[in-house]
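Visitor: Hi, I have a structure open and I'd like a quick tour. Can you take me through it in plain words?

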Amino acid sequence: MKPYNTTTLPNGLRIIHTPSPTAVAYCGYAIDAGTRDEQPDEAGLAHFVEHMLFKGTTKRRAWHILNRMENVGGDLNAFTNKEETVVYSAFLKKDFARALELLTDIVFHSTFPQHEADKERGVILEEIESYEDNPAELIFDDFESTLFPNHPLGHNILGTPANLKRFGTQSGRSFVDRYYHPANAVLFVYGNIPFSRIVGWAERLTADIPTGVVNSGRVSPLPYQPRELEIQRHTHQAHVMIGCAAYPASDRRRTGLYLLNNMLGGPGMNSRLNLALREHSGLVYNVESNLASYTDTGVFSIYFGTDTHDIDRCISLVQNELRRLREHPLTTLQLAAAKKQLIGQVSVASDNFESMALGMAKTYLHHNTYEGSEALYRRIEALTAQELWNIANELFTPTNLTTLIYR
């Protein structure tokens, strides 16, 4: 049996619901529009729209939006990614109708008042400056820009100050008119709320919202070309990223890469990179590897910060760990241990209901299905050493890796 309920309303809005055992529920809209959907002169507009959704609707001012869920102890939040924008709330389940009405109002009836845009522009400019002051975060965006040059996937989500100063009421409405339609969105609910009640409220609240037509116009990146790039940022510590373009979310090999990523630089203190660079060598405070998957491509990356004098030594240690995976297939015991650790970590993460709700929304938005943790466990258990060895030899070769260094 599926662990979730779904339906599609006549206006095209898809709804997905998973029950949970607690009195707290999560509800929101995931819109299939993000940074990669911006025009060349719109970098940062998707994020600007996300901010402006909270600044006024046809029947509410910013103050009323701010207080609507806060007054009952709830939380209202949003974020923008490369491929989606999500607006959601956490609340006591008895306040479900209040939350859904507010979310529907701000997603489909925002007005983008110019005086609020003028104020919020300053807030986002401060956000950009704060980001620029944090090279450990900034390098991730620069790395994707290096992997996907001259492509929207390489855009910084926050945009540029020059672009931001041009955004206002008209630009916000233009972006919303293109993408914020029921047929381009998913309503997700994670909580102990009857599905019939969810559908009934959604039908009433969105009955007057037309389906809309979305021409996404998304273009896949050009074939990946490895590069080596060094940027002088005059930081006290050097920041380094090594990685490559990887598999899209729908590729079956992604599960194998997910396991390898966890072995290399996952959250466990016993990850291979943490043992090699920190525990055994004392060269870094933080080293990690990450995997991001999009609808038509992905990113595998390794990040560490170190003293400028130790850059080459650290890179050599990273290459050694990647070479081990290429040259030595995992033994039966190593593979079993890696699977056990990853399944345990996924199980612990599944106890975070907010994270589960957001993951469910993103998966259903892009793939129109959601499997839940049990299906992921089965895919992990089915992995073989040969599959992992093949992935390592496809992706982790020196000639396939891009290196970006901040000095």
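Guide: Start at Asn81, found in the loop between strand 4 (75-80) and strand 5 (85-92). Helices (H or I, at least four residues) and strands (E, at least two) are DSSP runs, numbered from the N terminus. The model is predicted: local features need pLDDT of at least 70, side-chain atom pairs count only at pLDDT 80 or more, and totals for chains, interfaces and linings use all residues. Residues are numbered from 1 along each chain as its sequence is written, and side-chain values use heavy atoms, with hydrogens and water left out.

Visitor: Okay. Is Asn81 buried or partly exposed?

Guide: Asn81 is partly exposed, at 27% relative accessible area. Buried means under 20%, exposed over 50%, and partly exposed in between (1.4 Å probe, protein chains only).

Visitor: How far apart are Asn81 and Gly34 in space?

Guide: Their C-alpha atoms are 5.6 Å apart. Along the sequence, Asn81 and Gly34 are 47 residues apart.

Visitor: Where do Phe140 and Tyr303 lie?

Guide: Phe140 is in helix 5 (residues 135-147) and Tyr303 in strand 10 (residues 298-306), so the pair ties together parts 163 residues apart in sequence. Phe140 is partly exposed at 25% relative accessibility. Tyr303 is buried at 5%.

Visitor: And what about Phe300 and Phe396?

Guide: They form a tilted pair too, 5.0 Å centre to centre with 35 degrees between the planes. Phe300 is in strand 10 and Phe396 in the loop between helix 15 and strand 11 (402-406), so this pair ties together parts 96 residues apart in sequence. Phe300 is buried, at 0% relative accessibility. Phe396 is buried as well, at 0%.

Visitor: Which ring does the charged end of Arg233 sit over?

Guide: The ring of Tyr406, 5.0 Å from its centre. The rule is NZ of Lys or CZ of Arg within 6 Å of the ring centre and within 35 degrees of the ring normal. Arg204 also lies over a ring face, that of Trp201, at 4.7 Å from the ring centre.

Visitor: Back to strand 11. How many of its residues are buried?

Guide: 5 of its 5 residues are buried. Thr402, Leu404 and Tyr406 are on one side, Thr403 and Ile405 on the other. In a regular strand the side chains alternate between the two faces of the sheet.

Visitor: Which strands does strand 11 pair with?

Guide: Strand 7 (residues 228-231) runs parallel to strand 11, joined by 4 bridges. There, Leu229 stands opposite Leu404. Strand 8 (residues 238-246) pairs with strand 11 in the antiparallel sense over 5 bridges. Here Val240 stands opposite Ile405. Two strands pair if DSSP finds at least two bridges between them.

Visitor: What is phi of Phe112 near?

Guide: Near 55 degrees, a positive value in a residue other than glycine. Most residues other than glycine have a negative phi. Phe112 is in the loop between helix 3 (96-108) and helix 4 (114-132), and is buried at 1% relative accessible area.

Visitor: And what is phi of Asn368 near?

Guide: Near 60 degrees, also positive. Asn368 lies in the loop between helix 13 (353-367) and helix 14 (373-382). With 46% relative accessible area, Asn368 is partly exposed.

Technical notes. Phe/Tyr/Trp six-rings, centres within 6.5 Å; stacked < 30°, edge-to-face > 60°.
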